[in-house]
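Work through the exercises below with the sequence and the model open. Each task is followed by a solution in steps.

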Amino acid sequence: EADASVESLKLMIENKDFVPGHLIRLVNADSEEIEGGSLAANGVEEDDTITLLLDVNGGMRRKWRKKRMRRLRRKRRKMRQRAR
C-alpha cells in the first residue's frame with residue numbers, strides 16, 4: 001500500500017515476526033534508509049523491494065575480549081618456551 005506509513009509497516013513486521021520495532025531498519029532497494037512518514041513520501045513505489053535490517057549490538061564485551069587476549073598471549077609465550 002503506497003499510502004501506508006513506515007510505523008504501520010514496522011508494526012505489521014513486529015506482529016508477524018516478533019521483532020521489536022525499535023530494532024527494525026527499513027532500506028529501499030536504492031540503498032536509502034526509509035525514515036518516518038508514509039512510504040510514498042520516502043519514494044517507495046508499488047513493486048519496490050524493501051530490505052529489513054536489524055540494529056543489534058554485536059561483538060564481545062571489552063572485559064571478556066581483554067581477558068581472552070591475555071590468555072592467548074600467555075599460551076603463545078608458553079608454546080614458544082617449549083619450542084626452544
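**Exercise 1.** Is Phe 18 buried or exposed?

Solution. The model is a predicted one. Begin with the place: Phe 18 sits in the loop between H1 and S1. Next take the relative accessible area, which is 71% for Phe 18. The cut-off for exposed is over 50%, so Phe 18 is exposed. Now check the backbone: the phi of Phe 18 is positive, about 60°, although the residue is not a glycine. For comparison, most residues other than glycine have a negative phi.

**Exercise 2.** Find the residues that make up the largest nonpolar core, and state which element gives the largest share.

Solution. The core has 10 residues in all: Ala 4, Val 6, Leu 9, Ile 13, Val 19, Ile 24, Leu 26, Ile 34, Leu 39 and Val 44. Two elements, helix H1 (6-17) and S1, each give two or more residues to this core. The largest share comes from H1, with 3 residues.

**Exercise 3.** Decide whether Asn 28 and Asn 42 are buried or exposed, and relate their positions in sequence and in space.

Solution. Asn 28 belongs to strand S1, while Asn 42 is in the loop between S1 and S2. The relative accessible area of Asn 28 is 2%, and that of Asn 42 is 18%. Buried means under 20%, so Asn 28 is buried and Asn 42 is buried. The two are 14 residues apart in sequence, and their C-alpha atoms are 8.8 Å apart.

**Exercise 4.** Which residues make the nonpolar surface patch of about 260 Å², and where is Val 56 found?

Solution. The patch is made by Leu 52, Leu 54 and Val 56. Val 56 lies in the loop between S2 and helix H2 (62-83). With a relative accessible area of 57%, Val 56 is exposed.

**Exercise 5.** Identify the residues of the negative surface patch, then classify Glu 46 by accessibility.

Solution. Glu 45, Glu 46, Asp 47 and Asp 48 form the negative patch. Glu 46 is placed in the loop between strand S1 (24-28) and strand S2 (50-54). Its relative accessibility is 65%, so Glu 46 counts as exposed.

Terms used: Residues numbered from 1 in each chain as written. Predicted model: local features only at pLDDT ≥ 70, side-chain atom pairs only at ≥ 80, totals over all residues. Heavy atoms only, no water. Patch = residues over 30% accessible without salt bridge, like charges linked within 9 Å, V, L, I, M, F, W, Y side chains within 5 Å. Areas by Shrake-Rupley, 256 points an atom, 1.4 Å probe, with all protein chains shown as cover. Salt bridge = Lys/Arg side-chain N within 4 Å of Asp/Glu carboxyl O. Lys, Arg positive; Asp, Glu negative; His and termini not counted. Charge placed at Lys NZ, Arg CZ, Asp CG, Glu CD. Helix = DSSP H or I, 4+ residues; strand = E, 2+ residues; numbered from the N terminus. Buried < 20%, exposed > 50% of the residue type's maximum accessible area, 1.4 Å probe, protein only. Core = buried A, V, L, I, M, F, W, Y, C linked by side-chain atoms within 4.5 Å.
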